[in-house]
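User: I have a model open and a few things to ask. Can you walk me through it?

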Amino acid sequence: MRRSLITLAAVPAVAGLMLTSTGQNAHAQDKLKVGIIVTLSGPPAVLGGQVRDGFNLAVKSLGGKLGGVETEVVVVDDELKPDVAVTKVKGLVERDQVNFVVGPIFSNVLQAIHKPVTDSNAILISPNAGTSNFAGKQCHPNFFVTSYQNDQNHEVLGKYAQDKGFKKVFLMAPNYQAGKDALAGFKRHFKGEVLDEVFTPLGQLDFSAELAKIAAAKPDAFFTFMPGGMGVNLVKQYRQAGLGTIPFLSAFTTDESTLPAQKDDAVGFLAGANWAPNMDNAQTKAFVTAYEAAYGAVPGTYAMQAYDAALLIDSALKATGGKTGDRDALRAALKKANFTSLRGKFKFGTNQYPVQDFFLVKVAKRTDGKYQTEIAERVFTDYVDVHAADCAMK
Amino acid sequence: MSTALLLVQVLNGLQLGVLLFLIAAGLTLVFGVMDFINLAHGVQYMIGAYLAAMFVAWTGSFWLGLALTLPTALAFGLLLEVLIFRRLYGRDHLDQVLATFGLIIFLNQAVKVLWGAAPLSVPMPELLSGSVRLMDGLLYPVYRLALITVGLCSALGLSLLISKTRVGMLVRAGASNAPMVSALGVDIGRLFMIVFGFGAMLAGFAGAIVAPILSVEPGMGDNLLILTFVVIVIGGIGSIRGAFIAALLVGLIDTLGRAFGPQLLRLMMEPAAANQTGRSLAPMLIYILMAAVLFFRPSGLFPVRQ
Amino acid sequence: MKRTLRSPAVWLFLALALVPLAAKLGAEGYLLSLATRALIFAIAALSLDLILGYGALASFGHAAFLGIGSYAVGILAAHGTGEIVLQLAVAMVAAILFAAATSAVSLRTSGVYYIMSTLAFGQMLYFLGVSLSAYGGDDGMSLAGRSRVLGTAFLESDGALYYVVLGVLVAFYAGARRIMGSRFGRVLSGIRENPVRMRAIGFEPFRYQLVACVIAGCMCAVAGVLLANQTGFVSPAYMTWQRSGELMVMVILGGIGTLWGAILGALAFLVLEEVLSGLTEHWKLILGPLLVMVALSGRGGIAGVVARVQRLFHGRGVR
């Protein structure tokens with residue numbers, strides 16, 4: 001009898017999980033469930049927070065319903081660990097029985113959760129990560145992207161540099177897959193001379209050595225992809241080193257998640273994006289006002305893309321009459337993308353990645369003291385990503 | 001590659017080294033004197049940075065903010081000592097690892113709850129916001145020169161403190177043989193508290209003065225913690241002199257490796273391979289350095305305990 | 001037989017064997033996924049306890065072996081070989097070589113210096129993994145399917161994978177128990193307590209510690225092979241220093257040097273993480289202090305508490 005104590009010790013945890021999972025089975029399909037899986041731990045938490053907040057804001061603005069169906073949103077943290085994400089996403093799909101999985105932020109998590117979700121009954125919508133393999137050879141009918149293909153934002157700066165006549169450019173990115181893709185994307189349209197291509201160790205905080213190299217090389221422009229805290233440090237140190245006269249071109253480095261820390265140091269720097277908070281349409285104005293009122297910060301593209309994901313689901317469910325049972329009808333309705341995006345126009349390519357305009361944006365300080373990116377010029381119109389041709393879907 | 005660039009990179013390496021020393025000094029003291037693995041040193045550094053961000057924003061002045069941060073970091077360190085660490089002296093190192101690990105998890109989250117997940121910035125003090133022209137097109141912030149000065153003064157001050165004062169003598173004695181010191185009538189508990197508090201304040205001070213040039217975000221201390229351990233292990237645990245020399249070594253090798261590594265490799269292999277190898281080797285350099293040092297000197301360069 | 005039944009570990013394994021049946025009553029795929037993952041880390045923690053608990057060798061780079069095992073599966077699969085027998089062989093050989101080479105250097109040091117030395121090697125392997133663009137770099141690689149067992153798709157079933165993992169865990173536990181009960185294990189414990197004395201008797205610590213590290217690394221590499229199969233994904237994220245730290249925490253939490261404590265520690269840590277994160281976004285505010293309290297209580301972790309409870313009930317002397 002006493003030894004069974006040990007047995008009892010091992011079972012309650014499992015029992016507890018079972019209870020929480022059986023409970024969900026009772027709910028029929030009268031409710032719509034959406035699972036959001038993003039990174040909410042560590043330094044990148046601010047990005048996951050934007051996605052969560054942007055999506056929730058959309059659901060709230062639609063009265064808690066998507067496509068007229070009462071919607072429940074479950075938020076899960078992938079901790080930037082792909083193996084944790086796999087288990088958590090299975091929890092979303094099987095225990096919580098979500099109809100849609102929205103996420104993730106990071107490419108390596110996407111690689112890990114793509115198969116578990118697309119093999120299941122749920123549809124995966126990515127509000128950020130858009131890797132090349134899923135845009136091309138491994139495209140899948142259950143996978144939609146509302147953001148972009150990862151290379152595209154970098155291509156904007158490459159084209160801009162080429163058109164502007166910059167002859168010599170210095171490139172820098174962190175030494176990981178996304179960094180390598182960034183510089184490859186830049187070079188796709190830039191035909192001038194690359195003075196140097198520097199890959200810094202991930203998480204590096206002090207760029208004095210690299211900045212000295214840049215100064216010595218005297219490029220016409222500097223392009224970088226340096227997300228998160230790394231970007232905050234780079235921008236500050238770039239100014240402090242007096243390199244402000246060399247045009248600073250970047251993607252995901254000076255965006256609304258880092259601008260509150262970069263402040264005046266980033267003003268005037270150029271970036272590539274598919275949207276900016278000052279975009280001239282009514283829905284953007286309303287979105288930015290509502291977001292700031294609810295969360296106190298200027299929304300960036302992460303929040304915008306999550307908001308659009310909610311609108312996308314809403315439009316698809318309106319088309320199917322609130323039903324998710326007919327998978328083919330649902331997918332077809334999603335692919336139609338019959339909604340008014342915050343970007344104005346939005347449509348999917350054959351690979352279910354967006355076909356959209358891309359802009360050169362400039363960092364500016366608003367009259368109320370906050371910082372945001374603002375549209376400077378359009379660089380690509382209805383841009384289809386370069387990997388779409390490899391996708392077999394029609 | 002000009003001599004000017006080489007000199008600039010050496011200066012960068014020295015500055016990184018001095019920064020590492022400021023953070024490592026407190027850790028090596030705590031470890032050396034109290035034989036206590038304080039993994040939470042990294043979060044104490046982070047707390048210092050957050051406190052500085054908060055106080056500077058409140059008071060609008062960098063100096064006032066810094067002045068407020070120091071006693072607060074000290075108080076916070078002492079709080080941790082009384083609540084948690086005091087009970088762990090003399091215990092198995094692994095229990096200390098578990099406790100401080102738990103503390104890291106808790107504080108990284110707490111900081112996010114209190115100040116949000118987005119990175120914060122601290123403005124540079126007006127007095128030190130100028131720049132010096134180091135070479136054509138490159139300005140060097142006066143603030144960084146000030147940092148180097150502060151670091152060097154701290155190193156000097158600490159070593160004088162340890163070797164020339166009574167407290168320093170007690171600290172050295174405590175590092176060699178704590179029970180004996182206690183038997184000789186010194187309140188070892190109070191000594192430990194003083195050392196720990198001082199170590200915590202040093203960590204917080206480092207976090208605060210580094211804030212204007214680095215971003216303040218949750219988890220900022222974690223990777224730095226590993227770097228700090230590398231420094232004190234190379235230098236020899238408990239030795240301020242060791243920490244100083246090791247920090248400079250690590251700073252120089254890391255910076256020069258990143259700056260000139262690919263170029264050096266290009267002398268030996270073709271450009272594409274050189275770049276690739278350089279890129280892969282760069283983050284490993286300090287670990288290779290540490291492994292090499294430990295191979296020849298298993299207790300670091302200047303071990304305190306024989 | 002009676003002694004076996006008295007062992008808490010046996011009851012634990014029996015309970016674990018029932019999990020898939022219990023899982024059928026709930027969200028089967030999710031629960032099995034969680035349970036399998038927990039058991040895989042239990043194997044890794046068990047392997048670490050061998051050297052940490054018995055040898056007092058706190059390896060801060062143990063997660064490197066998880067990476068070695070996973071990448072053996074990933075790289076071989078990428079080149080067309082999905083057979084698990086081959087993958088295991090490659091994983092173990094690679095683990096033995098890596099453990100032998102790095103321990104030869106690390107074992108020259110002791111204490112914190114040893115910890116940092118193992119960290120250094122773990123980091124080097126991690127950065128190597130990140131730089132391998134051909135295999136996804138830090139983006140990692142998805143696996144098309146699970147490894148084939150002698151040509152069959154036996155492991156594709158979640159239930160089958162779970163029982164295979166449980167079987168490996170039980171086998172490794174029994175093996176570890178035997179090793180620690182043997183002369184080798186006693187010498188290792190002796191070295192932990194007093195290396196000078198052991199050397200005086202004629203046992204050279206280095207050899208024994210090296211062998212222990214190699215065995216532990218090998219076991220952890222097998223866990224890595226299983227991890228790749230469970231997640232269907234291979235990435236350098238399995239080899240970070242934070243991951244090594246978590247392994248150490250699992251062993252310490254469970255109770256150092258008890259072997260089955262390491263298993264409990266891994267299960268407790270992972271299940272806690274899953275349950276707590278479902279309750280609140282700020283679950284780390286609860287987990288952190290919990291770990292601190294376990295450390296402060298000084299009762300030898302979870303295994304220590306269980307042993308104390310057992311003694312209470314048995315009323316007899318120390319076990």
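Analyst: A term first: two strands pair if DSSP finds at least two bridges between them. Strands (E, at least two residues) and helices (H or I, at least four) are DSSP runs, numbered from the N terminus. This is a predicted model: local features need pLDDT of at least 70, side-chain atom pairs count only at pLDDT 80 or more, and totals for chains, interfaces and linings use all residues. Residues count from 1 along each chain as its sequence is written, chains are lettered from A in the order in which they are written, and side-chain values use heavy atoms, without hydrogens or water.

User: OK. How many residues lie between β12(A) and β13(A) in their hairpin?

Analyst: 5 residues. Gln352(A) in that turn has a positive phi of about 65°. The two strands run antiparallel, with 2 bridges. Phe348(A) has Pro354(A) as its bridge partner.

User: What else pairs with β13(A)?

Analyst: β14(A), residues 371-383, pairs with β13(A) in the antiparallel sense over 9 bridges. Phe359(A) is partnered there by Arg378(A). These strands also form a hairpin with 5 residues between them, and Gly369(A) in the turn has a positive phi of about 95°. β11(A), residues 270-273, is joined to β13(A) by 4 bridges, again antiparallel. Leu270(A) sits opposite Lys362(A).

User: Is β13(A) enclosed or open?

Analyst: Largely enclosed by the rest of the structure, because 10 of its 12 residues are buried. Buried means under 20% relative accessible area (1.4 Å probe, protein chains only); exposed is over 50%, and partly exposed is in between.

User: Switching to chain B. How far does α3(B) reach?

Analyst: 31 Å from first C-alpha to last, over 22 residues (62-83). That is close to the 32 Å expected, taking 1.5 Å times one less than the number of residues. Its buried residues include Phe62(B), Leu66(B) and Glu81(B).

User: What covers them?

Analyst: Among others, α2, α4, α5 and α8 of chain B.

User: Now the interface of chain C and chain A. How many residues are in contact?

Analyst: 48 residues of chain C touch 36 of chain A, contact being heavy atoms within 4.5 Å. Together the chains bury about 3800 Å², 61% of it on carbon and sulfur atoms. Buried area is the accessible area (1.4 Å probe) that two parts lose on being put together, summed over both.

User: How many salt bridges?

Analyst: 4 across that interface. The rule wants a side-chain nitrogen of Lys or Arg within 4 Å of a carboxyl oxygen of Asp or Glu. One of them joins Arg52(A) to Glu281(C), with the closest N and O atoms 3.1 Å apart.

User: Which helix gives the largest share of chain C's side?

Analyst: α3(C), with 8 residues.
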